[in-house]
Amino acid sequence: MAKIPNNRAWWLVLPVFILVAFSALVPLMTVVNYSVQDIFGPGQAYYVGTEWFKEVLTNERLQDSLLRQFLFSGAVLLIQIPLGIGIALMMPKSGVKASLVLILLAIPLLIPWNVVGTIWQIFGRGDIGLFGWALNSMGLDYNYTGDTVDAWFTVLLMDVWHWTPLVALLCYSGLRAIPEAFYQAAEIDRASKWAVFRYIQLPRLKNVLVIAVLLRFMDSFMIYTEPFVLTGGGPGSSTTFLSQTLTTMAIGQFDLGRAAAFSLIYFLIVLLISWLFFTAITHADKEK
């Protein structure tokens with residue numbers, strides 16, 4: 001007689017499912033409800049259908065914020081993924097030096113987001129900030145509060161400093177999981193460093209890189225605190241990303257209907273692009 005599986009263990013995870021349903025699904029349904037209503041105050045809401053969605057999709061300010069968001073996230077991935085791989089390749093394999101490097105890499109990840117923005121706000125000032133003073137001393141007219149290019153450069157550099165260690169740590173863990181026999185075989189075949197990276201290390205890092213790309217894309221696409229503290233979205237609206245536009249709409253203008261519709265579109269964009277990234281990378285892996 002076949003043994004009947006014991007499914008009583010599922011009761012142990014039932015509280016987690018209930019908690020997730022309460023903390024995620026209920027707020028999501030609330031946002032969906034707000035997105036089809038025009039809310040004037042408590043108990044004063046009128047059904048408007050898909051009007052807010054149509055208005056949000058044709059709003060030029062939101063379209064500009066979306067374009068800036070795509071440019072920022074693309075730049076983050078193009079810089080942080082190769083840089084993180086390079087740092088991981090240069091890190092010591094074991095010993096005290098490896099432990100020290102791991103500790104130093106982890107430090108930026110432990111700093112709260114608002115503190116990161118404050119650090120770079122001071123660091124980039126031309127009068128008291130070391131970074132801003134150094135650039136001005138070199139003859140560069142650097143001013144992240146008044147120049148769009150300088151503001152973009154500073155926000156991007158701040159994000160690279162803050163989150164590249166995450167990519168490096170993920171890649172380092174992937175490299176350490178490669179069996180030593182692979183390197184021994186490559187040494188016997190007198191393979192070059194590029195050949196070792198191309199045919200041994202990079203293929204073994206693909207699963208880790210999928211995680212790194214998804215994490216960095218989702219986080220960079222929803223960035224809010226650091227640029228808000230650093231530049232306030234300026235100069236003008238040059239560093240105003242989607243999350244800041246959404247916050248201004250919902251809290252600053254108390255336009256809950258439009259903000260709810262915009263947040264749902266925002267959520268679907270992140271979900272769709274993350275799925276495309278994951279599908280493209282895993283499909284390319286299967287073809288090989």
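Residues 151-172 are 100% helix and 0% strand. Their end C-alpha atoms lie 32 Å apart. This is a predicted model. Residues 70-89 are likewise 100% helix and 0% strand, with end C-alpha atoms 29 Å apart. UniProt, in an unreviewed entry, lists both stretches under "transmembrane region". The entry also gives 12-32, 101-123, 208-225 and 259-281 under that heading.

The unreviewed UniProt entry places "domain: ABC transmembrane type-1" at residues 66-277. Over that range the chain is 77% helix and 0% strand. The end C-alpha atoms of the range are 18 Å apart.

## Helix α4

Helix α4 covers residues 96-110, 15 residues in total. From first C-alpha to last, α4 reaches 21 Å, close to the 21 Å expected at 1.5 Å a residue.

Which residues of α4 are buried? They include Ala98, Leu105 and Pro108. These three cover an arc of only 90° around the axis, which puts them on the same side of α4. Val96, Ile103 and Leu110 are exposed on the other side of the helix. The cover over the buried residues of α4 includes α3 (60-90) and α7 (148-176).

## Helix α5

In α5, Val116, Gly117 and Trp120 are buried. Viewed down the axis of α5, the buried residues fall within an arc of 100°, so they line one face of the helix. What covers them includes α7 and α11.

## Arginine 125

Where does arginine 125 sit? Its place is in the loop between α5 (113-123) and α6 (130-137). Arginine 125 has 36% relative accessibility, so it counts as partly exposed. The cut-offs for that class are 20% and 50%.

Beyond its neighbours within four places in sequence, arginine 125 is in contact with Gly132, Trp133 and Tyr144. Tyrosine 144 lies 19 residues from arginine 125 along the chain. The C-alpha atoms of the two are separated by 8.0 Å.

## The largest pocket

The largest pocket has a volume of about 260 Å³. Its lining includes Ala88, Leu89 and Met91, along with Lys93, Leu175 and Arg176. Tyr183, Ala191, Lys193, Val196 and Gln201 also line the pocket.

Which elements give two or more residues to this lining? They are α3, α7 and α9 (193-204). The largest share, 3 residues, comes from α9.

## Backbone features in two loops

Arginine 190 is found in the loop between α8 (180-188) and α9. Its phi is near 55°, a positive value in a residue other than glycine. Is arginine 190 buried or exposed? Its relative accessible area is 78%, so arginine 190 is exposed; the cut-off for that class is over 50%.

A cis peptide bond joins glycine 234 and proline 235. Omega at this bond is about 0°. Proline 235 is found in the loop between α11 (225-230) and α12 (242-252).

Methods:
Residues numbered from 1 in each chain as written. Predicted model: local features only at pLDDT ≥ 70, side-chain atom pairs only at ≥ 80, totals over all residues. Heavy atoms only, no water. UniProt positions renumbered as here; feature names shortened; annotations may be inferred. Helix = DSSP H or I, 4+ residues; strand = E, 2+ residues; numbered from the N terminus. Expected span 1.5 Å × (residues − 1). Buried < 20%, exposed > 50% of the residue type's maximum accessible area, 1.4 Å probe, protein only. Arc of directions from axis to C-beta. Contact = heavy atoms within 4.5 Å. 1 Å grid on protein atoms, 1.4 Å probe; cavity = no way out; pocket = protein on both sides within 12 Å on 5 of 7 lines; lining within 4 Å. Points joined across faces, edges and corners; volume = space filled by probe spheres on them.
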